[in-house]
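Here is a short briefing on a protein model.

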Amino acid sequence: MISKTGLKSQLSTIYRRREFDVFIVIVIVMVVVGLRNPTFFTKENWKDMLMYVSILAFISIGQMMTIITGGIDLSVGSVLALSGMSVGMIMREYAFLHPIILILTGTIIGLSCGFLNGLLIGKGRIHPLITTLATMSIYRGLVVVVSRSLWVAYGDITPGFRLIARGNTLGINNLMFSALIIAIVSYYFLNHTRKGREIYAYGDHQEAAKFVGINGANINMLVFSISGMLAGFGGVLWVSRVHTAQANTALGYEMQTIASCVIGGVSIFGGVGNVIGVLLGTLLFGVILNSLELIGIVDFYKLSAQGFIILVAVIFDAIISHRVAEQMRKQRRIFNDGQ
Amino acid sequence: MESILTLKNITKKFTGTLALSEVDFDLFLGEIHALVGENGAGKSTLIKIITGIHQPDTGEIVLKSETVSFHDARASYDHGIAAIYQEASLFEDLSIAENIYMGHQEVRPFTRSIKWGAMYNKAHDLIKSLEVNLDPRALVKSLSIAEKQLVEIIKALSADAKILIMDEPTASLTREEIDYLFKIARKLRSEGTGIIFISHRLEEVFEIADRVTVIRDGKIVGTIDKDHLNVDELVKMMVGRSLQTLYSKEDVQIGGPVLKVDCLSRAGEFNKVSFELKRGEILGFAGLVGAGRTEVARTIFGVEKPEGGKIYIEGREVKIENPRQALELGIAYLSESRGEFGLVLPLDITQNITAPILKRFARFGWINRQKERETAQKFYDLLDIRASGLEQKVESLSGGNQQKVSIAKWLAANANILILDEPTKGIDVATKAAVHRLMSEIAKTGKAILMISSEIPEIIGMSDRILVMHEGVLVREITRSEATQEKVLAAALGEA
């Protein structure tokens, strides 16, 4: 037998390099944009950007879990909007409700949406892409139903609700604090619990997962519920941050979460991805979006830029994984030379 | 003898097909019980019922004296049943240690968090106690096929199982590693473990089994004691007929070389492979799974680029950059998995047969359907494809008939060199014989066939000449007259 230590360390360096690469790109983008527009480095800009990135980050972590199982959740944007709109409408009617109750309500709405996705995928055995493509439209339609064609405006937001996004916990802005806690819990869940590891195993090889007694339906219900729950929670924070909820809130948001995952090294084929990668991926994505805004690029180009970033990340991945495969082939010593 | 596992009257249907029919089977304490039968006979289904992956439609599973039913693999694991599966069942992107313990990791009492350190240490000790050299933290995808098989074995052994199932555990091991595995198996047997051993290599069955049960077409044909074993008898029980009819190879006038491969190499796959393929010849390509045969075929077909060596067709050196060029040179490749390079499953038989040659029927971009149909019909009749008609979708055909369609396709395209990769894998005996007959007839017309097969009887029965590969190197050439199972196997295992 041949020792594989050399190859192994090489592999892990490549994995570690992914986070490093993303980090370097973040720094480069920041320097370039900072030089062109000094407002980039102001405290207000950073706060704004990080508040945006925070919500994106934890919804992307939920998205990552579905992608690790080999699926995808296209409905996160609609779930976010549905949760935000529902909570906003409830607030209009019952302004006295404590923000905590509203947060719980939004989260439960998201959880239910996600659970339904998981049920259709896990028990109904419908492909995740098809399922969430359908529910994306269904949930988006429900936003209009819930709103009765109205929208939640600045005046409807109670001061207490506004504080959800503006307030601090332990000296850190609530949104960033939430993202941090969710990231830590997710990291622990994915790396240190049996269920977490089963998610990776299931995404790696579904048939083999069956051989060790992993229940695929349960895994699907779990990850889609988590993804929906985080999107629902995000919906409440979103409305608190932007002070409005409309039928087209967070339209196309799923693309941003998927992009953050892909940039962060999550394999679209399942089985590979980690929280730190996704956090950096989201940060890079947020920095780029913010930069485009500061440089004065209009929304239309922003969308194209978004697609372009995904493309670059995917091509980058393809090149890297091809290289690794080739390297591994060449290092595999199968010949009986010299024996 | 005390029985540790008894299956009574097990029947299992899969959407219409009867996979197992009223199967009775028993396993004693401290016994190695071999289960043999042809591909598709029902061995794997039986194993999956014992391990809880499938549930029987009727019948019962009795452990010692307790009747049990397993709703999933973990339930059977908890009852002390572990298995080494034939198909790769490892998680490529996870570490060796995690693969070994997936599904039953040790966790801390309150936090329920996995004891990673303890897991790596236990895996390290286990690997060491088996005297192999593997890093428990290495990712499985960085391992060779033989190393992966070892991980499978280690994984099953880690369970301290009362019942251990080995489904073709030796398929890609060297003789040394097989001896080692057998040593472990005998040790476990002496400790009272019941082992179910499945192998296609009858020599191994003779070497290690205490009893042999033969299964055919989902039914148990019989169980024989070690002392009464006899190869001819066993083969007859497995196949249900004697071997001659299965391999209808006719003697053909062998012509000059059509394909010559000189020192072909690809790092990590195969090294300095040289051979000639002659007109009218069936050249058998033997070796273990992972020996590099498929890789050589794919390189000749232009799927991968050679990193060294030359390919000659009809004496002229050629550079084959892609499969299209290979087809233009008259080379066709039927891959092991018929989906991949072979057939477009949702399309009908006509469309599949004429796919590579549509240009012939086209005028100004419009296809003459009449002419297309006529050509398809010709080959449909020639190859005796059994279907409801030319319009039947290929996905609804049986494996053997799919194989015929893909052969028809390349014959219609005037291929002179057919590379058949495991042409009869997973198809039933009757169709197998038909495919063999067809191969023989194709060779008679002066075309050349390179047949990759892991079934040694097929190699011996069908080949004019046999090349044996071992770990990426051509180790031996054997002529038809001097070929024996033992010679081919020894060479494939690298002992020649």
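**One residue and its surroundings**

Beyond its neighbours within four places in sequence, Leu120(A) is in contact with Ile126(A) and Thr131(A). Contact means that two C-beta atoms, placed from the backbone, lie within 7 Å. This is a predicted model: local features need pLDDT of at least 70, side-chain atom pairs count only at pLDDT 80 or more, and totals for chains, interfaces and linings use all residues. Residues are numbered from 1 along each chain as its sequence is written, while chains are lettered from A and ligands numbered from 1 in the order in which they are written.

**Leu120(A)**
- Leu120(A) sits in helix α4 (residues 99-122) of chain A. Helices (H or I, at least four residues) and strands (E, at least two) are DSSP runs, numbered from the N terminus.
- Leu120(A) counts as buried because it has 21 C-beta neighbours inside 10 Å. The cut-offs are 20 or more other C-beta atoms within 10 Å for buried, 12 or fewer for exposed, and partly exposed in between, with C-beta atoms placed from the backbone.
- Thr105(A) is 15 residues from Leu120(A) along the chain, and their C-alpha atoms are 23 Å apart.

**Chain A overall**
- Chain A has 13 helices and two strands.
- Buried residues make up 47% of its 339 residues.
- The C-alpha trace of chain A spans about 80 × 55 × 40 Å along its principal axes.

**Helix α13 of chain B**
- Twelve of the 14 residues of α13(B) are buried. Among them are Trp410(B) and Leu411(B).
- Just after α13(B), Asn414(B) has a positive phi of about 65°.
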